Amino acid sequence: MAEKTLPFTKEQLEEFIKEYGTPFHIYIEKDIRENVRKLKSAFSWAPEFKEHFAVKATPNPYILKILREEGLGADCSSLTELILAEKAGIKKEDIILSSNDTPGEEFQKAKELGAIINLDDISHIDFLERVAGFPDLISFRYNPGPLRAGGNDIIGKPQEAKYGLTKEQIFEAYRIMKNKGARRFGIHTMVISNELDPEYFIETANMMFDLIGEIYEKLDIRIEYLNLGGGIGIPYRPEEEPVDLDYVGEGIRRSYEEKIVANGLDPVKIAMESGRMITGPYGYLVTKVLHKKEIYKNYVGLDACMANLMRPALYGAYHHITVPGKEDWPLDHIYDVTGSLCENNDKFAIDRPLPRIDIGDIIVIHDAGAHGHAMGFNYNGKLRSAELLLKPDGQAAIIRRAETLEDYFATLDFSKL
Ligand SMILES: Cc1ncc(COP(=O)(O)O)c(C=O)c1O
């Protein structure tokens with residue numbers, strides 16, 4: 001069983017807490033950079049491989065800047081995310097707008113930035129033409145429906161998921177775009193989320209290479225850009241293994257040779273829009289124990305709640321917990337680890353074996369770097385917490401301050417009461 005260790009000491013944490021209070025998320029720059037380099041190396045064979053980081057996972061411009069320096073682009077799903085990518089210096093077709101139920105202003109901003117636009121529905125062709133005009137590179141999101149197994153609680157089964165175009169619509173969409181004079185085409189799919197089985201990614205690439213061949217045969221259209229979406233899982237549990245990226249890269253390379261190169265359809269630029277695997281394991285939620293409570297079960301109450309990390313409450317997701325300074329203590333106590341929301345599912349862990357916990361202990365919740373702070377909300381008047389970056393020199397920098405009561409009240413005009 002892999003051990004889940006911390007990339008900082010208790011003493012370092014105490015320093016950060018003295019300066020910034022709790023709770024906060026902290027991201028580890030060195031580990032993020034090293035991981036990105038591994039992903040890029042697995043696809044170094046691919047013509048102009050591009051990972052567009054899914055901004056929704058960690059929408060912080062300082063993180064985006066680090067990723068840009070490593071050669072990544074951005075996958076944006078809203079106007080706000082497009083602006084974040086722009087502020088981080090990510091440009092043109094390094095940005096893809098991959099949204100659904102899209103408002104006109106998002107299409108306009110994407111067009112202005114020179115981004116790739118990935119349409120989620122055939123009816124969006126006319127809408128896009130009317131509100132913004134077409135981009136240089138137009139892409140469509142394919143939903144294989146019953147033609148492809150996959151899916152889970154996060155993304156839904158393909159045939160029940162709201163995303164993308166059916167196979168029939170895909171051919172019709174490219175035909176329409178060709179008739180409208182489009183010259184550069186991309187295609188996109190995302191059918192899995194938080195998947196640890198590497199075969200899924202290879203199978204998805206196989207399916208898409210076949211589809212690229214069919215589009216060429218039926219419509220004489222060359223697809224120049226294939227985006228395989230995100231969805232690479234991370235080992236939230238100590239007994240899980242990370243996805244073997246080299247294995248995935250090699251499997252996709254073999255399929256590319258067989259289905260794309262052998263049919264004279266290369267080059268196709270392979271892209272991904274992973275979020276979770278880029279930042280997830282390299283971010284931690286740091287919080288402190290406020291209270292202990294013993295009723296029918298034993299509870300540990302934290303100063304963080306599901307507004308800081310919603311995944312356990314939303315999906316029953318496992319997030320590992322470490323109590324710094326007690327790493328070697330026996331796990332001989334069973335606790336529910338809770339936040340303070342008036343929601344009974346505001347629990348980071350249920351029946352979790354942990355060392356004896358005392359009021360004031362620091363609690364570190366692992367794998368909170370993606371879809372963590374990003375999913376925060378203000379229910380129960382909770383203020384969103386700070387984000388820190390642990391630099392390679394061991395210093396922490398604040399990359400988003402905590403919200404204040406003034407921030408919370410800024411949208412209310414009390415003078416009209
Ligand atoms: C369209 C799209 N792309 C990429 C992602 C990122 O997925 P992940 O963080 O699981 O890699 C998501 C996640 O919701 C998504 O909806």
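**Figure 1. Surroundings of Lys-56 in the predicted model.** Once residues within four places in sequence are left aside, Lys-56 is in contact with Ser-77, Glu-81, Gly-275 and Ala-374, in a model that is predicted. Lys-56 itself sits in the loop that connects β2 (50-54) with α3 (61-69). Because 21 other C-beta atoms lie within 10 Å, Lys-56 is classed as buried. At Lys-56 the unreviewed UniProt entry places the feature "modified residue: N6-(pyridoxal phosphate)lysine".

**Figure 2. Arg-68 in helix α3.** Arg-68 is part of helix α3, and, with neighbours up to four places away in sequence set aside, the contacts of Arg-68 are Ala-88, Gly-89 and Ile-90. Arg-68 has 19 other C-beta atoms within 10 Å and is therefore partly exposed, since the buried class begins at 20 or more. Between the C-alpha atoms of Arg-68 and Thr-204, which are 136 residues apart along the chain, the separation is 26 Å.

Figure 3. Eight strands form a closed barrel in the order β2-β3-β4-β5-β6-β7-β8-β9, and the pairing is parallel. From one strand to the next, the twist averages 25°. Within this view, strand β6 (residues 137-142) and strand β7 (residues 184-189) run parallel and are joined by 6 bridges. Ser-139 stands opposite Gly-186, a residue of β7.

**Figure 4. Helix α4 against strands β3 and β4.** Helix α4, made up of residues 79-87, lies across β3 (73-76) and β4 (95-98), and the angle at which helix α4 runs to β3 is about 170°.

**Figure 5. Glu-106 and its contacts.** Glu-106 belongs to helix α5, which covers residues 104-113. Because Glu-106 has 21 C-beta neighbours inside 10 Å, this residue counts as buried. When residues up to four places away in sequence are not counted, Glu-106 touches Ser-78, Leu-79, Leu-82, Leu-97 and Ser-99. Leu-79 and Leu-82 fall within the residue range of helix α4 (79-87), while Leu-97 falls within that of β4 (95-98). Thr-80 is 26 residues away from Glu-106 along the chain, and the C-alpha atoms of these two residues are separated by 8.7 Å.

**Figure 6. The largest nonpolar core and the contacts of Ile-365.** The largest nonpolar core contains 104 residues, and the residues with the most contacts inside this core are Leu-64, Ala-85, Ile-95, Ile-117, Ile-212, Leu-226 and Ile-365. Helix α8 (residues 198-219) supplies the largest share of the core, namely 8 residues. At least three residues of this core come from each of domain 1 (43-274) and domain 2 (281-409). One of the residues with the most contacts inside the core, Ile-365, is in contact with Tyr-284, Leu-285, Thr-287, Leu-309, His-319, Ile-321 and Phe-348, leaving aside neighbours within four places in sequence.

Figure 7. The protein is divided into domain 1, residues 43-274, and domain 2, residues 281-409. The centres of domain 1 and domain 2, taken over C-alpha atoms, are separated by 33 Å. To the contact between them, domain 1 contributes 12 residues and domain 2 contributes 15 residues. Residues 281-369 are listed by UniProt, in an unreviewed entry, as "domain: Orn/DAP/Arg decarboxylase 2 C-terminal". Over residues 281-369 the chain is 6% helix and 42% strand, and the end C-alpha atoms of this stretch are 6 Å apart.

Figure 8. Under the heading "binding site", the unreviewed UniProt entry lists Arg-276, Arg-311, Tyr-315 and Glu-343. These positions are spread over 68 residues of sequence and are also spread in space, with up to 26.1 Å between C-alpha atoms. Arg-311 has its place in helix α11 (residues 311-315), and Tyr-315 lies in helix α11 as well. Arg-311 counts as buried because 22 C-beta neighbours lie inside 10 Å, whereas Tyr-315, with 13 C-beta neighbours inside 10 Å, counts as partly exposed. Apart from neighbours within four places in sequence, Arg-311 is in contact with Ala-317, His-319 and His-371. His-319 is also among the contacts of Ile-365.

Methods
Residues are numbered from 1 along each chain as its sequence is written. This is a predicted model: local features need pLDDT of at least 70, side-chain atom pairs count only at pLDDT 80 or more; totals for chains, interfaces and linings use all residues. Helices (H or I, at least four residues) and strands (E, at least two) are DSSP runs, numbered from the N terminus. A residue is buried if 20 or more other C-beta atoms lie within 10 Å of its own, exposed if 12 or fewer, and partly exposed in between; C-beta atoms are placed from the backbone. Two residues are in contact if their C-beta atoms, placed from the backbone, lie within 7 Å. Two strands pair if DSSP finds at least two bridges between them. Axes are lines fitted to C-alpha atoms, for helices over the stretch in contact, and angles run from 0 to 180 degrees between N-to-C directions. A nonpolar core is a set of buried Ala, Val, Leu, Ile, Met, Phe, Trp, Tyr and Cys residues joined through C-beta atoms within 7 Å. Domain bounds come from an automatic or database domain assignment. UniProt positions are given in the numbering used here, feature names are shortened, and annotations may be inferred rather than shown by experiment.
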